[in-house]
Amino acid sequence: MIQRCLLLTFTIFLLLSTIAHAEENVDIDQEKISLYKQMEAITLIPWYYLAAINRYESNINSDQSDENSLIRIKIPEQKWYGLTPANEPTAESVLEFFNGIGRDGDGDETADHTNEYDILYTMAHYLQQYGHSDQDIRTALWNYYHRELTVLSIMNYARLFKTYQKISLDETAFPIPKGYNYTYHNTWGDARGFGGRRIHEGTDIFAGYGTPVRATTFGVVELKGWNKFGGWRIGIRDIYNRYHYYAHLNGFTDGLEIGDIVEAGQAIGSVGSTGYGPPGTSGKFPPHLHYGMYKDNGKTEWSFDPYPHLKRWESKDP
Ligand SMILES: [Zn+2]
């Protein structure tokens, strides 16, 4: 009897913690957004830029154990402390004197590079010195990161957060809509002959000419056009520093341009057999969508196997 009671209690506990966890994510988003908006009130830096920087830094700092902290921006010590003799939390005025950017965000008179509020305020304060326009923030980000892809990613994340007024854009879709025939196998890493020795950086989904191709996640179109290997292809970056590459297309959806925001499930083009030659080359292999995924860690970008993702999205698709 006691055992059964314990089991029941445990089951209820599991059930409650599952529910609590689902609600927690929403709460954490709300908590983050309210923090960004507090900083916006003080510094006039629109909240979605702070959200975008935090999102980007969470992506590149994902190996660290502070998963529960709201702010995952890591400001390098040399930026925070400048030429301050000791790299220890200290008064703003000292850091300012030694050209450190560290500031005190929580009002404890100390600028501490491990304190979330101090970090977020320091970032907002840093941006503020350049101004509040899109172009000002772009310049500030360039001077901070010195990397084009980083600046582009953050600016695009900001646009996504501003457009949808939320920071979780996690809906997904299988690239081929329901009702169309297709087949695919795990072919990532296979050898490819054309254009020298390469490995196959993607999964091939075979389908008939003209079958619609959809964006698998929310994101921004980063590239569109011809490539001698990929034919007509399009590249979309999502808010997790992941680049989605769709190749050998017959054509693109009308009006879709570089810089456009796309939603998961939105049509972006159709299946074809273009590529393996100069612009317009087609029919050198059976029609299929080549779908590749790449991850940027803030320094380099590499291909990873999209097959497990495709399987998951396929089973989840309504
Ligand atoms: Zn392929």
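1. Basis. In this predicted model, local features need pLDDT of at least 70 and side-chain atom pairs count only at pLDDT 80 or more, while totals for chains, interfaces and linings use all residues. Residues are numbered from 1 along each chain as its sequence is written.

2. Whole chain. The protein chain has 8 helices and 12 strands, where helices (H or I, at least four residues) and strands (E, at least two) are DSSP runs numbered from the N terminus. Of its 318 residues, 38% are buried; a residue is buried if 20 or more other C-beta atoms lie within 10 Å of its own, exposed if 12 or fewer, and partly exposed in between, with C-beta atoms placed from the backbone.

3. Core. The largest nonpolar core contains 65 residues, and those with the most contacts inside it are Y49, L50, A52, L120 and Y246; such a core is a set of buried Ala, Val, Leu, Ile, Met, Phe, Trp, Tyr and Cys residues joined through C-beta atoms within 7 Å. Its largest share, 8 residues, comes from α2. Because domain 1 (29–164) and domain 2 (182–316) both give residues to this core, it lies between them; the domain bounds come from an automatic or database domain assignment. Not counting residues up to four places away in sequence, A52 touches I154, Y157, A158 and F161, contact being defined as C-beta atoms, placed from the backbone, within 7 Å.

4. Helix α6. In α6 (residues 134–145), I137, A140, L141 and Y144 are buried. These residues are on the same side of α6 because they cover an arc of only 100° around the axis, the arc being that of the directions from the helix axis to the C-beta atoms. On the other side of α6, Q135 and N143 are exposed. The cover over the buried residues of α6 includes α2 (47–60), α5 (116–128) and α7 (148–164). Just after α6, H146 takes a positive phi of about 55°.

5. In strand β7 (residues 231–237), 7 of the 7 residues are buried, so β7 is largely enclosed by the rest of the structure. Strand β6 (residues 219–227) pairs with β7 in the antiparallel sense over 7 bridges, pairing requiring that DSSP find at least two bridges between two strands. These strands form a hairpin with 3 residues between them, and V221 stands opposite I236 in β7. β7 also pairs with strand β8 (residues 242–252) in the antiparallel sense, over 5 bridges, and the bridge partner of R237 in β8 is Y243. The hairpin of β7 and β8 has 4 residues between the strands, and in it N241 takes a positive phi near 60°.

Terms used:
Contact = placed C-beta atoms within 7 Å.
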